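The sequence and structure come first, and the description follows.

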Amino acid sequence: MVAVHGVADRLRAAAELIDDAVGAHLARLTFGGAGAGRAYAARGDALRAGLQRLAAELSQWSRASAAVAVALRASADRYADAELYAARRIA
């Protein structure tokens with residue numbers, strides 16, 4: 001159970017790091033067509049759209065990882081409870 005809790009803790013920590021990076025850095029980027037210049041406006045807009053998509057996907061991954069961490073921890077706890085119950089019944 002300790003190993004599963006460790007994995008859950010690392011997943012949660014990774015999710016927090018990604019979420020913080022998205023909020024503190026990636027979501028603040030405001031580059032776009034106007035900043036790229038007239039000759040590169042389409043590429044600037046494409047870059048902005050790509051960065052927005054990346055931020056959304058990273059946020060989704062962060063939420064999913066946090067949910068997996070919660071599920072892992074809960075499963076390990078239920079398994080430990082079942083193991084204790086079975087040991088008591090045998091004893």
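## Serines of helix α3

S59 sits in helix α3. The model is a predicted one. With a relative accessible area of 15%, S59 is classed as buried, because the cut-off for burial is under 20%. Leaving out residues up to four places away in sequence, S59 touches D19 and V22.

S62 is also a residue of helix α3. Its relative accessible area is 5%, so S62 is buried. Not counting residues up to four places away in sequence, the residues that S62 touches are A15, I18 and D19.

## Helix α3 and its cover

Helix α3 covers residues 41-90, which is 50 residues. At 1.5 Å a residue, a helix of this length should span 74 Å; the end C-alpha atoms of α3 are 73 Å apart, so the two values agree.

Which residues of α3 are buried? They are G44, A55, S59, S62, S65, A69 and A76. The cover over these buried residues includes α1, residues 2-24, and α2, residues 33-36.

## The loop between α1 and α2

Two residues of this loop are described here. L26 is found in the loop between α1 and α2, and H25 lies in the loop between α1 and α2 as well.

Is L26 buried or exposed? L26 has a relative accessible area of 16%, so it counts as buried. Leaving aside neighbours within four places in sequence, L26 is in contact with A21, L51, L54, A55 and L58. One of these contacts, A55, is itself listed among the buried residues of α3. L26 and A69 are 43 residues apart along the chain, and their C-alpha atoms are separated by 24 Å.

H25 has a relative accessibility of 56% and is therefore exposed, because exposed means over 50%. H25 and D45 are 20 residues apart in sequence, and the distance between them, C-alpha to C-alpha, is 18 Å.

## Overall fold and dimensions

The protein chain has three helices and zero strands. Read from the N terminus, the order of elements is α-α-α.

The C-alpha atoms of the protein chain fill a box of roughly 80 × 15 × 15 Å along the principal axes. The radius of gyration is 22 Å, whereas a compact globule of 91 residues would have one near 12 Å. Among contacts in the protein chain with a separation of 6 or more, 75% are between residues 24 or more positions apart.

## Surface and charge

Of the 91 residues in the protein chain, 16% count as buried. The protein chain exposes about 6,700 Å², and carbon and sulfur atoms supply 62% of that area.

How many positive and negative side chains does the protein chain have? There are 12 positive and 9 negative side chains. The centres of the two sets lie 6 Å apart.

Key. Residues are numbered from 1 along each chain as its sequence is written. This is a predicted model: local features need pLDDT of at least 70, side-chain atom pairs count only at pLDDT 80 or more; totals for chains, interfaces and linings use all residues. Side-chain values use heavy atoms; hydrogens and water are left out. Helices (H or I, at least four residues) and strands (E, at least two) are DSSP runs, numbered from the N terminus. The radius of gyration is taken over C-alpha atoms; the globule rule is 2.2 Å times the number of residues to the power 0.38. Buried means under 20% relative accessible area, exposed over 50%, partly exposed in between (1.4 Å probe, protein chains only). Contact means heavy atoms within 4.5 Å. Accessible areas come from the Shrake-Rupley method with a 1.4 Å probe; for residues, only the protein chains shown count as cover. Lys and Arg count as positive and Asp and Glu as negative; His and the chain ends are not counted. The place of a charge is taken as NZ of Lys, CZ of Arg, CG of Asp or CD of Glu. The expected span of a helix is 1.5 Å times one less than its number of residues.
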